[in-house]
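Here's a walk through one protein model, from its overall layout down to a few side chains. Have the sequence and the 3D view open while you read.

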Amino acid sequence: MNEILKMYLAFFRIGAVTFGGGYAMLPILERDLVEKRGWTTMDELTDYFAIGQCTPGIISLNVSTFIGNKRAGIPGALAATLGFLTAPIIIILIIAAFLTNFASYSVVQHAFAGIRVCVCVLILEAVLKLWKKSVVDKFSLGLYIAIFALAVLSRFLPFSVPAAVLVIASGVLGVLFCRDNGTLNDKRRK
């Protein structure tokens, strides 16, 4: 039970200080759960983000659930999920109660503009960390360029390529490539 309470409190703290969604959360999770607590590895965290992107729901919440499940099964998943949700729900309820009264003030609008810039920086930091861990050879660079081009060009094509299709295709190509050439996993572990 002590482990479950620790997990709830850790994810409560993360949920209380995380702004900007899943990718902005990556540096905080890395510091707290990989470096400080050793509850997961950076490779596992990156995999959880990839899976969290493909599953229904909020990426950061999905990642919390995966880590909780890894640590303590279903009770751990529930503790991590509820811990992550508690603080934001309280904060959102408080903000919602007062926001309509203050949203039109220029100081509040400027504060939100500053927060958006900060969130962009946090997301860029997460992207750079993911890049460093994921694009490790010619195959992964080629896959990155192809997926990036499809994602960007999709809005100009007569058809849209859903993100889930891109993720599944990338996974299949990764399996096929690794089956023929095991170097991708070897390079990723370094």
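A quick word on domains: the bounds used here come from an automatic or database domain assignment. With that in mind, this predicted model splits into domain 1, residues 2-134, and domain 2, residues 135-190. If you take the centres over C-alpha atoms, the two domains sit 25 Å apart.

**Where the domains meet**

Let's start at the boundary. How many residues of each domain are in contact with the other? Nine residues of domain 1 touch nine residues of domain 2. The size of an interface is often given as the accessible area lost when the parts come together. For domain 1 and domain 2, that buried area is about 780 Å², with 53% of it on carbon and sulfur atoms. What about charge pairing between the two? The salt bridge count between domain 1 and domain 2 is zero. Polar contacts do turn up, though: three residue pairs across the interface of domain 1 and domain 2.

Which helices build the domain 1 side? Helix 3 (42-54) and helix 5 (106-134) each put at least two residues on the side of domain 1 that touches domain 2. Helix 5 gives the most, with five residues. Sorted by class, that side of domain 1 has three nonpolar, two polar and four charged residues.

Now zoom in on leucine 130, which belongs to helix 5. Is leucine 130 buried or exposed? Anything under 20% relative accessible area counts as buried, so leucine 130, at 15%, is buried. Setting aside neighbours within four places in sequence, leucine 130 is in contact with Tyr23, Leu26, Thr46 and Val135. Take Leu26 from that list: leucine 130 and leucine 26 are 104 residues apart along the chain, yet their C-alpha atoms are separated by 9.1 Å.

Over in helix 4 (residues 59-102) you'll find serine 64. Serine 64 has 0% relative accessibility, so it counts as buried too. Which residues is serine 64 in contact with, leaving aside those within four places in sequence? Phe11, Met25, Ala80 and Phe84.

**The salt bridges**

Side chains of opposite charge can pair when their charged atoms come close. In this model the count comes to six salt bridges.

| Salt bridge | N to O distance |
|---|---|
| arginine 13 and aspartate 32 | 2.1 Å |
| aspartate 32 and arginine 37 | 2.7 Å |
| glutamate 44 and lysine 70 | 2.9 Å |

Take arginine 13 and aspartate 32, the pair joined at 2.1 Å. This pair links distant parts of the chain, with arginine 13 in helix 1 (residues 2-17) and aspartate 32 in helix 2 (residues 22-36), 19 residues apart. Arginine 37 comes out at 30% relative accessible area, so it is partly exposed.

Next up is glutamate 44, which meets lysine 70 at 2.9 Å. Again the pair links distant parts of the chain: glutamate 44 lies in helix 3 and lysine 70 in helix 4, 26 residues apart. Glutamate 44 counts as partly exposed because its relative accessibility is 25%. Lysine 70 is partly exposed as well, because its relative accessible area is 39%. Which residues do shared partners join into one network? Arg13, Asp32 and Arg37.

**A serine in a loop**

Last stop: serine 154, in the loop between helix 6 (138-153) and helix 7 (163-180). Is serine 154 buried or exposed? Serine 154 is buried, because its relative accessibility is 7%. Beyond neighbours within four places in sequence, serine 154 is in contact with Ala149, Phe159, Ser160 and Val161. For Val161 there is a polar detail to look at: the backbone nitrogen of valine 161 lies 2.8 Å from a polar atom of the serine 154 side chain. As for valine 121, 33 residues away along the chain, its C-alpha atom is separated from that of serine 154 by 25 Å.

Conventions:
Residues are numbered from 1 along each chain as its sequence is written. This is a predicted model: local features need pLDDT of at least 70, side-chain atom pairs count only at pLDDT 80 or more; totals for chains, interfaces and linings use all residues. Side-chain values use heavy atoms; hydrogens and water are left out. Contact means heavy atoms within 4.5 Å. Buried area is the accessible area (1.4 Å probe) that two parts lose on being put together, summed over both. A salt bridge is a side-chain nitrogen of Lys or Arg within 4 Å of a carboxyl oxygen of Asp or Glu. A polar contact is a pair of N or O atoms within 3.5 Å; within protein, one must be able to donate a hydrogen and the other to accept it, and residues adjacent in sequence count only if both atoms are side-chain atoms. Helices (H or I, at least four residues) and strands (E, at least two) are DSSP runs, numbered from the N terminus. Ala, Val, Leu, Ile, Met, Phe, Trp, Tyr, Cys and Pro count as nonpolar, Asp, Glu, Lys and Arg as charged, and the others, Gly among them, as polar. Buried means under 20% relative accessible area, exposed over 50%, partly exposed in between (1.4 Å probe, protein chains only).
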